[in-house]
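Work through the exercises below with the sequence and the 3D structure at hand. Try each task before reading its solution.

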Amino acid sequence: MRHLSVPSSMTQQTIDILRESGWLDTEHRVRPYDDGHILIPLNDNAPSELPPTFVNLPIIDAKPVLWKSRESWQSRFTELVGEGVLENVIITKSHEILGDLLIQRYDEVNEQYLSAFIQSKMETHPRIRLMLIDHGVKGEFRIRDLQPIAVRTDRLVWGEGLMDLESNLFDPTTDVPENGLRLRLDPSRVYFSSKLQYERQNTMNELSQFSAELGRPINVCDPFCGVGPAIAPMLREEGLVGELLVNDLNPDCLPFLFHNLKPLRELKPNFTPNNLVEPTPGLFVGCMDATQISTKADQCGRWDALLVNLPHQTLSLLPALLPLLRPEGPMRICGWTIIPESEVNELPDKLSKIIDCNVEDIEVRVRKQFNATDMLTAFIVRR
Ligand SMILES: C[S@@+](CC[C@H](N)C(=O)[O-])C[C@H]1O[C@@H](n2cnc3c(N)ncnc32)[C@H](O)[C@@H]1O
């Protein structure tokens, strides 16, 4: 395997550049070589000739060494803290992996075993660059409050060792693979849930079918778009999307949106707050309160399909969004709402009153338990 050979004083900065370029092989070890240099493994994306930044750094073909990987984090954890702790003491065991981040929910009981959690999980997940504790959601955009607790550089660093590291090593920006795409995001600045991947797939299927029925590309409006996970896969389908509106009130979504949606990647529009811009004809991007979009006359009656994904407020916000849809003819609304389990059966009636359509045009699917009393419920309105 190809390794870049660097003097040890240049190791960290070279790793950073390679990681940013997507050329660092994270499954194998950065390790010392016989000549006193450090070998950094390159992945298959690294070009055969590296750019001038790496001039004078030889590429060496050497045997790769895997990050030490054990059977499972659970067995390593038990090795570190003793039998029975995981089974009888620890309540919050699981974690979420987002790109090269490992996110573990905060639990007071886990505090005294934090080092063991870090060692066991980071050793058995060699691709993970940063481990973070999730202290729950905060603020109006329900963003996760994340605290970095371990970083993998050329070695694993945690505890007091973190104080000596440069701040850029704690950057949680990551590329999350989803449905064959890579979505760039920072979960400490924007909302994202990989658990909704299946929902997004369903939306895509629904709108593909709708477009096929109409025999033309459809105009799609996603007023709570986040970093664009629902729209990115649609844009890969030739002829599926005609005009498009993507909007999110959280300004931190914008740089990621412009990265994740291909037609926006090369564009850098100037945003004025509370406005929509049209960086290319028929493609509108906004950073405004979604309920105010319909105050713009040119947006009313324009859209074939509306996505409504602000589940805590969907039903109350829906009336302000309806003017965006075509006033007559076929349309689709794909929405998600969080409602008490006891109210799920009444949802079609409620929606038919808000939207003024027949109950038969509404499909409701309970997706999952959201908390002790509430359910996350998806609905599609077809007209
Ligand atoms: C549940 S997230 C959905 C994001 C995205 N559609 C997804 O599937 O990942 C809701 C989004 O709505 C945004 N938001 C909250 N209130 C808003 C408002 N009044 N107008 C526009 N966007 C809003 C949040 O910043 C957040 O990104």
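Residues are numbered from 1 along each chain as its sequence is written. This is a predicted model, in which local features need pLDDT of at least 70 and side-chain atom pairs count only at pLDDT 80 or more, while totals for chains, interfaces and linings use all residues.

**Exercise 1. Describe the protein chain as a whole.**

Solution. Start with the secondary structure: the protein chain has nine helices and 19 strands. Helices (H or I, at least four residues) and strands (E, at least two) are DSSP runs, numbered from the N terminus. Next, take the extent: the C-alpha trace spans about 75 × 55 × 35 Å along its principal axes. Then turn to burial: 32% of the 383 residues count as buried. A residue is buried if 20 or more other C-beta atoms lie within 10 Å of its own, exposed if 12 or fewer, and partly exposed in between, with C-beta atoms placed from the backbone. Last, look at contacts, which join two residues whose C-beta atoms, placed from the backbone, lie within 7 Å. Among contacts between residues at least 6 apart in sequence, 60% join residues at least 24 apart.

**Exercise 2. Repeat the analysis for helix α1.**

Solution. In α1 (residues 11-21) the buried residues are Thr14, Ile15 and Leu18. Viewed down the axis of α1, they fall within an arc of 100°, so they line one face of the helix. Turned away from that side are the exposed residues Gln13 and Glu20. The buried residues of α1 pack against β1 (2-6) and β3 (38-41). Just after α1, Gly22 has a positive phi of about 80°.

**Exercise 3. Which strands stand at the edges of the open sheet of four strands?**

Solution. Begin with the strand order, β2-β3-β1-β4, with antiparallel pairing. β2 (31-32) and β4 (59-61) stand at the edges, each with a single partner strand, so one side of each is left without a neighbour in the sheet. Two strands pair if DSSP finds at least two bridges between them. β1 and β4 pair over three bridges in the antiparallel sense, and Arg2 stands opposite Asp61 in β4.

**Exercise 4. Examine the hairpin of β10 and β11.**

Solution. β10 (residues 174-178) and β11 (residues 181-185) are antiparallel and pair over five bridges. Val176 has Leu183 in β11 as its bridge partner. Two residues lie between the strands, and Asn179 in this hairpin takes a positive phi near 45°.

**Exercise 5. Where do Arg142 and Asp356 lie, and what is the phi of each?**

Solution. Most residues other than glycine have a negative phi, and most peptide bonds are trans. Arg142 lies in the loop between β7 (130-138) and β8 (143-152). Its phi is positive, about 50°, although Arg142 is not a glycine. Asp356 is in the loop between α9 (347-355) and β18. Asp356 is not a glycine either, and its phi is positive, about 60°.

**Exercise 6. Which residues come nearest to the ligand?**

Solution. Of the 19 residues around the ligand, Phe224, Gly226, Leu249, Asn250 and Ala290 come nearest. A residue is near a molecule if its C-beta atom, placed from the backbone, lies within 6 Å of it.

Terms used: Arc of directions from axis to C-beta.
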